[in-house]
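Visitor: I would like to learn how to read the strands and pockets of a protein model. Could you take me through one slowly?

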Amino acid sequence: MSRDLAQFDLLVDEAWPAPGRAAEGSWVYRHAGGVTKRANSVLPLGERADLPEAVDRAERFYAGAGLPCVFSVGMGATPGLDEELDRRGYRLVDPTLVMTGPLSADTPDEGVVEVAGAPSERWLRTWWSVDGGRHNAAGDVPARVWAERIVTGVPAGYVLLGGDSDGDADGNEDRNAVGRGVPQGRWLGIYCMAVQPRARRRGLGGAVLRALAAWGRRQGADSAYLVVTEANAAARALYEREGFGVAGRYHYRVRP
């Protein structure tokens, strides 16, 4: 496996940790009660001489867990895997871009913005209200509990802007924006960028991104990356304005 090709596969896996993990050769079965495909999919890295049988075993594992079998197919994916899954009728969903940008000395310092070491209840409500409604948990654990386990699974910084947190006199919690930054050596992973509908077009998304970037620089990172679906044109435009460019791609394959 080329670690250069797999670099972002590994960074994303580390920054969005599935509470459940099982290694199978060079593949990892990730599961988190069905909450997010990223945490409930096979991370399929490395060469596999037994590719069809390896896919069969993955299918049996997820069937046993009561979850659909999903593969995350990134730049470091096992050669031939995408073609094998296509042959089996797996749907290609959520084509996603990996975007990167430098954290240079010119990065605006948003030091006045608090970056917390843990997400507040308001942070969690904001993120979940924007991104969480489409996630349904399998089993007895509520979906938001799984989500909280994921977003707090590694050390990270959490930014909340809006409502009364930035001086909004009415204190409306439906005007919040949030983001999460994960220090990973020279990289800062940026996740959970979410702006509630009533807070949009006020520049809060850019302010959250800049606050995380400045914080990441203080943690020793010199570059940042984030992931965004190709279909999310508004978010892509924001990230491009903030100096991010496309560095890679991945997608999911979902068993029919």
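**Strands and pockets**

Guide: Strands β2 and β3 (residues 42-44) pair in the antiparallel sense over 3 bridges, where strands are DSSP runs of E of at least two residues, helices are runs of H or I of at least four, and both are numbered from the N terminus; two strands pair if DSSP finds at least two bridges between them. Within this pairing, Y29 stands opposite V42 in β3. This is a predicted model, in which local features need pLDDT of at least 70 and side-chain atom pairs count only at pLDDT 80 or more, while totals for chains, interfaces and linings use all residues. Residues are numbered from 1 along each chain as its sequence is written, and side-chain values use heavy atoms, with hydrogens and water left out.

Visitor: With which strand does β1 pair, and over how many bridges?

Guide: Strand β1 (residues 20-24) pairs with β2 in the antiparallel sense, over 5 bridges, and A23 has V28 of β2 as its bridge partner. The hairpin of β1 and β2 has 2 residues between the strands, and G25 takes a positive phi near 65 degrees there.

Visitor: Why is strand β2 described as largely enclosed by the rest of the structure?

Guide: Buried means under 20% relative accessible area with a 1.4 Å probe, counting protein chains only; over 50% is exposed, and in between is partly exposed. Because 4 of the 5 residues of β2 (residues 27-31) are buried, this strand is largely enclosed by the rest of the structure. For the protein, buried residues make up 52% of the 256 residues.

Visitor: How is a pocket read, and what volume does the largest pocket have?

Guide: Rolling a probe the size of a water molecule over the atoms shows where empty space is left. On a 1 Å grid over the protein atoms alone, a pocket is an open set of points where a 1.4 Å probe fits, with protein on both sides within 12 Å along at least five of seven lines, and lining residues have an atom within 4 Å of a point. The largest pocket has a volume of about 1,200 Å³, a volume being the space filled by probe spheres set on the points, which are joined across faces, edges and corners. Of its 40 lining residues, D131, M193, N232, A235 and Y239 are the closest to its centre.

Visitor: Which elements supply at least two residues each of that lining?

Guide: They are β5 (91-102), α4 (121-132), β8 (187-195), α6 (204-218), β9 (223-229), α7 (233-241) and β10 (245-254).
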